[in-house]
Amino acid sequence: MTEPVTLHNLYYLIDTSAWLDQRTGAHQVERSSQLQDFVRCDVFDDYHPGLDMDARMRLWCAAHGYPVGDGGVIEHDDACLTKPVTIVLAATTGMPREALALVSIDGASPDVYADRTTDDGYWLDATSVALSCSGGHAWSWDGDHYLRTADGAEAHVSTLFGRDASVISRCRDCEAFDESTTDQMCPCPGFAVYCPACGERCQVTLPDVPLFEER
């Protein structure tokens, strides 16, 4: 099973599929098939310059009368994601009204899902991770210079971890094995985050995303 967040030397990666799973609901099979047929139409080959994937998805929405709001086209090629993703957020006009997310991963054929997020802003955040330790300390981090507590208080990385130190460090158990101070090999990839409050190893996960319940 792929971990939602993997740690590397001084950086982390968020699994694109895990990130999408937090924000999407049921796969709209019929609509996905219609969209895939549409974006593969030969007529697009005659356009100069060619229409990219998000333009084709928006055209499909327009053809079906699905409004795409301002800011409804989101592209993440951020280094924090394992694969780039293009999202078009739309809505049906019938009753009951449905929120839709058209998704293309790494330029591949797109799919349509139910959009379960309560705020489009959660689609814009493709960098945040949650840090928590067994001592009950919890933080959020977006890879920048500050960590945030649950109540929104910010603290600079250098204040918490020391000057020139990073949030992600070498795993202490791996170091101990490399230095032959233990014969127990650590199964981790070699990097970890240690709680700045108590020094315990932190679990690094994706932060919760508030969702609408599917019916």
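Trainee: Where is the place of His8 in this structure?

Mentor: In this predicted model, His8 sits in strand 1.

Trainee: Why is His8 called partly exposed?

Mentor: Its relative accessible area is 24%. Buried means under 20%, and exposed means over 50%. The value for His8 lies in between, so His8 is partly exposed.

Trainee: What makes the link between the side chains of His8 and Thr6 a polar contact?

Mentor: The separation is 3.1 Å. The cut-off for a pair of N or O atoms is 3.5 Å. The pair falls within that limit, so the term polar contact applies.

Trainee: Which residues does His8 touch, not counting those up to four places away in sequence?

Mentor: Leu13, Ile168 and Phe191. Contact means heavy atoms within 4.5 Å.

Trainee: What is the volume of the second largest pocket?

Mentor: About 290 Å³. It has 15 lining residues, and Val5, Leu7, Phe191, Arg201 and Val204 are the closest to its centre. Strand 1 (5–8), strand 13 (191–193) and strand 14 (203–205) each give two or more residues to this lining.

Trainee: How many residues of each class line the second largest pocket?

Mentor: There are 10 nonpolar, three polar and two charged residues.

Trainee: And what lines the largest pocket?

Mentor: That pocket, of about 680 Å³, is lined by 23 residues. Arg97, Glu98, Ala99, Asp115 and Phe212 lie nearest its centre. By class, nine are nonpolar, five polar and nine charged.

Methods: Residues numbered from 1 in each chain as written. Predicted model: local features only at pLDDT ≥ 70, side-chain atom pairs only at ≥ 80, totals over all residues. Heavy atoms only, no water. 1 Å grid on protein atoms, 1.4 Å probe; cavity = no way out; pocket = protein on both sides within 12 Å on 5 of 7 lines; lining within 4 Å. Points joined across faces, edges and corners; volume = space filled by probe spheres on them. Nonpolar A, V, L, I, M, F, W, Y, C, P; charged D, E, K, R; others polar. Helix = DSSP H or I, 4+ residues; strand = E, 2+ residues; numbered from the N terminus. Buried < 20%, exposed > 50% of the residue type's maximum accessible area, 1.4 Å probe, protein only. Polar contact = N/O pair within 3.5 Å; in protein donor to acceptor, adjacent residues only side chain to side chain.
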